[in-house]
Amino acid sequence: MMFTRLYLKMIFYIFLFLFVIGTFVFTRFSKDLKEKYNVSLFHTAQYILQNGFLMKPDKNNTLLLKEDVTKENVAKEFQSLSHIYYDTIEKDQNSVYTLIILISSFIDHKKRREKIRESWGNPKIWNTNDKFMIVFVTGKVERANSMMELAEEAKVTKDIISLDIPEDFYLLAKKVIIGFIWAKNNLKFKAILKGDDDIFINLDNAINFINRNEETYGYFGQKMHNQPVERSGRYKLTKEEHEKNVFDPYCSGGGFIFTNASIYKIIPLFDIEKILRIDDAHIGELAFQTGIVAKMTQGFYMWNDWCEYLNDIIVSHPADNPTCIDFLLKRSMIDNGKLPRDSHVESQKYYKDVSLLSKK
């Protein structure tokens, strides 16, 4: 009996000791992040629960994060995620999504989001049984009614992430960065397709492409090579912003794909406070720094102004006209067997009048 009491007492003191040590380490780590990077205790706890530690103290007796994750990288991720007003996404965290589609959407483009949901974003239209998810990433405006309307839309559709980043063409890179980090921290996936809200995606082709892909560190789209840096106009960058006169290779921002491994490799380079005003060039340059080079890929048509149908379309841009989307969708559904053959529709290659092509 005496032995049993001593044994229980010993176990109690061991647990108490571990609890005290654990609390001390956790508090110290949290305080360090809070003071240096303004990271909340809640986010620290969330990260520890998700990622854990390597139980190996360095010379300063600081616990190291697993997978060589540094405090600085953790802090930068937290800082980016702190810009999320609300996230209404319904997530299945036990499944692996073949494709996450992150759409940078202007807050007032409700009609575009609705068109995507009812057209190419509708799973019933496609043959694939693979899981995919469409997420709209929006910013903020000063108009209270627009913000309220978005919140109501998000409650119903459950596919919107609202950020406290102002809606601004020159801040689009922040939407992409936060979207990538959000996906990494919330979902399991094979690839991410980043797009704008004026595109058409053939999801059968996109998912088939991902499933056939054998490149671990993939970055696919309409490659921009030796693209000059503009020093005037809408796309102007000063020498201070970008010293070189030519961008590193990047994929045009209407739509491009990163594989899972590429996402994880590029995220440590993200800094929400240091971005180029040209979002696609910024992402491409960071990828290039990690050794991931943009690859010209068949099926990405970024200047399809005449809404031409091609049976290998992965992403077509622009597709801001609802009738253009309907045309591309109908042709896609005929080819994938969801609609019967129609010689009249199939004879039409362009949505817009082909006679106008000579005036382009």
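Helices and strands are here DSSP runs, helices of at least four residues and strands of at least two, numbered from the N terminus. In this predicted model, Glu-167 is found in the loop between strand E6 (160-166) and helix H6 (172-186). The protein as a whole comes to 11 helices and 15 strands. Of its 360 residues, 48% count as buried, and the accessible surface comes to about 19,100 Å², with 55% of that belonging to carbon and sulfur atoms. Among contacts between residues at least 6 apart in sequence, 73% join residues at least 24 apart.

Once neighbours within four places in sequence are left aside, the contacts of Glu-167 include Ser-105, Phe-106 and Ile-107, along with Thr-138, Lys-140 and Val-141.

Thr-297 is buried, at 9% relative accessibility. Not counting residues up to four places away in sequence, Thr-297 touches Phe-209, Phe-220 and Gly-221.

Attention now turns to charged pairs. Side chains of opposite charge can pair when their charged atoms come close. The structure holds 20 salt bridges, and one of them joins the side chains of Asp-87 and Lys-91, at 3.0 Å from N to O. Asp-87 is partly exposed at 29% relative accessibility, and Lys-91 is partly exposed at 30%.

Another salt bridge is formed by Arg-143 and Asp-108, whose closest N and O atoms are 2.2 Å apart. This pair links distant parts of the chain, 35 residues apart: Arg-143 sits in the loop between strand E5 (132-140) and helix H5 (144-157), and Asp-108 in the loop between strand E4 (96-104) and helix H4 (110-118). Arg-143 is partly exposed, at 37% relative accessibility, and Asp-108 is partly exposed with a relative accessible area of 37%.

Helices H5 and H4 are also linked, through Glu-153 and Arg-117, which lie 36 residues apart. In their salt bridge, the closest N and O atoms are 2.8 Å apart. Glu-153 is buried, with a relative accessible area of 6%, whereas Arg-117 is partly exposed at 22%. Through salt bridges that share partners, Arg-113, Arg-117, Glu-153 and Asp-159 form one network.

Definitions and conventions:
Residues are numbered from 1 along each chain as its sequence is written. This is a predicted model: local features need pLDDT of at least 70, side-chain atom pairs count only at pLDDT 80 or more; totals for chains, interfaces and linings use all residues. Side-chain values use heavy atoms; hydrogens and water are left out. Buried means under 20% relative accessible area, exposed over 50%, partly exposed in between (1.4 Å probe, protein chains only). Contact means heavy atoms within 4.5 Å. Accessible areas come from the Shrake-Rupley method with a 1.4 Å probe; for residues, only the protein chains shown count as cover. A salt bridge is a side-chain nitrogen of Lys or Arg within 4 Å of a carboxyl oxygen of Asp or Glu.
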